[in-house]
Amino acid sequence: MSGKYKLIKEKYRFEIEDFKFPEKEYKTGRHDTVLPYHWALGKTWTRFFDGLREEKILGTRCKNCNKVLVPARTFCPRCYEDMEEWVEVGPEGTVDTWCLVDYKYYGQIKEPPYIIAQIRLDGADCGLTHFIGGFDLSDPDKVRGKIKTGTRVNVVWSKEKHADIYDIAYFEPVK
Ligand SMILES: [Zn+2]
C-alpha cells in the first residue's frame with residue numbers, strides 16, 4: 001500500500017495517488033442491514049441490571065478518586081482502579097441536559113415524542129442516560145416550561161421487569 005497513498009495536508013486526509021473514479025453516473029439501490037446480536041454483560045452489569053429488577057439503581061465507587069459512577073463500572077476510567085464498592089443512588093436526580101425527540105427515524109425504540117436526558121442521580125458523579133416522561137410532550141413550548149437543566153426528576157419503574165435498562169420506564173419531574 002505504501003507509495004500509493006499520500007497525505008493531502010490541506011485537506012487533512014489521505015488520497016490514493018493515480019486513481020480517479022471513472023466519469024460515469026452509477027445507479028444505486030437501497031439496502032438496509034439489520035444486525036441483531038447479544039453481548040455479554042459480565043458480572044458488573046449483571047449485578048447492575050439485577051438491581052433494577054429490585055428497583056435499586058446501583059453504582060460503584062472508586063477507592064482512589066471517590067467518584068460514584070452509574071451504571072456501575074468494573075473499573076474507574078480515570079484511575080484504572082477496580083471499583084468494588086457498590087452504592088445505591090437516586091431514586092431522584094437532577095437533569096444535566098435533555099433533548100426532545102419529535103421526529104421518526106428508522107430503528108427508534110420508542111414512539112416520538114419523547115425526551116432523552118442525562119440525569120445526575122443523587123449520590124452519583126456522572127449522568128445516566130434515560131427518558132423523561134409522564135406528561136404531555138406534544139407541545140415543545142410547554143415542554144420547555146416544564147423541563148430545564150437542573151430540574152429535579154424521580155424514577156418511574158416499569159411494572160414488568162426484565163433486568164434491563166427499561167426496568168426504569170422513565171424519570172418524571174418531581175411535583
Ligand atoms: Zn477513580
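1. β3 and β4 run antiparallel and are joined by two bridges. Within this pairing, Thr60 stands opposite Leu69 in β4. Keep in mind throughout that the model is predicted.

2. Now widen the view to the sheet. Three strands make an open sheet, in the order β4-β3-β5, and the pairing is antiparallel. β4 and β5 stand at the edges. Each has a single partner strand, so one side of each is left without a neighbour in the sheet.

3. Next, the overall layout. The protein has two helices and ten strands. Along the sequence they follow the pattern β-β-α-β-β-β-β-β-β-α-β-β. Buried residues make up 19% of the 175 residues. Among contacts with a separation of 6 or more, 47% link residues 24 or more positions apart.

4. Check the helix α1. Does its length agree with its residue count, or disagree? α1 has twelve residues, and at 1.5 Å a residue these should span 16 Å. The end C-alpha atoms are 17 Å apart, which agrees.

5. Look at what follows that helix. Just after α1, Glu55 takes a positive phi of about 60 degrees. Glu55 sits in the loop between α1 and β3. Is Glu55 buried, partly exposed or exposed? There are 14 other C-beta atoms within 10 Å, so Glu55 is partly exposed. The cut-offs behind that label are 20 or more for buried and 12 or fewer for exposed.

6. Tyr80 counts as exposed, because it has 9 C-beta neighbours inside 10 Å. As background, most residues other than glycine have a negative phi, and most peptide bonds are trans.

7. A cis peptide bond joins Gly90 and Pro91, with omega about 0 degrees. Pro91 lies in the loop between β5 (85-89) and β6 (92-101). Another cis peptide bond joins Pro112 and Pro113, with omega about 5 degrees. Pro113 lies in the loop between β6 and β7.

8. Turn to the hairpin. Which strands form it? β7 and β8 do, with five residues between them. Gly123, in the turn, has a positive phi of about 95 degrees. The two strands pair in the antiparallel sense over six bridges. Ile119 has Leu128 in β8 as its bridge partner.

9. The largest nonpolar core comes next. How many residues does it have? It has 25 residues. Those with the most contacts inside it include Ile57, Ile119, Ile132 and Phe171. Several elements give two or more residues to this core, among them α1 (42-53), β3 (57-61), β8 and β10 (168-173). β7 gives the most, with four residues. In general, nonpolar side chains tend to be buried together in soluble globular proteins.

10. What does Ile132 touch, leaving aside residues up to four places away in sequence? Its contacts are Trp98, Ile115, Ala117, Ile147, Val153, Tyr170, Phe171 and Glu172. Ile132 is also one of the residues with the most contacts inside the largest nonpolar core.

11. Compare that with a strand residue, Thr94. Thr94 lies in strand β6. With 16 C-beta neighbours inside 10 Å, Thr94 counts as partly exposed. Thr94 touches Arg120, Gly150 and Arg152, not counting residues up to four places away in sequence.

12. End with a loop residue. Where is Ser138? Ser138 is in the loop between β8 (127-132) and α2 (140-146). Ser138 counts as exposed, because it has 8 C-beta neighbours inside 10 Å. Ser138 and Pro112 are 26 residues apart in sequence, and their C-alpha atoms are 9.1 Å apart in space. Pro112 takes part in the cis peptide bond to Pro113.

Methods:
Residues numbered from 1 in each chain as written. Predicted model: local features only at pLDDT ≥ 70, side-chain atom pairs only at ≥ 80, totals over all residues. Core = buried A, V, L, I, M, F, W, Y, C linked by C-beta atoms within 7 Å. Contact = placed C-beta atoms within 7 Å. Pairing = 2+ DSSP bridges. Expected span 1.5 Å × (residues − 1).
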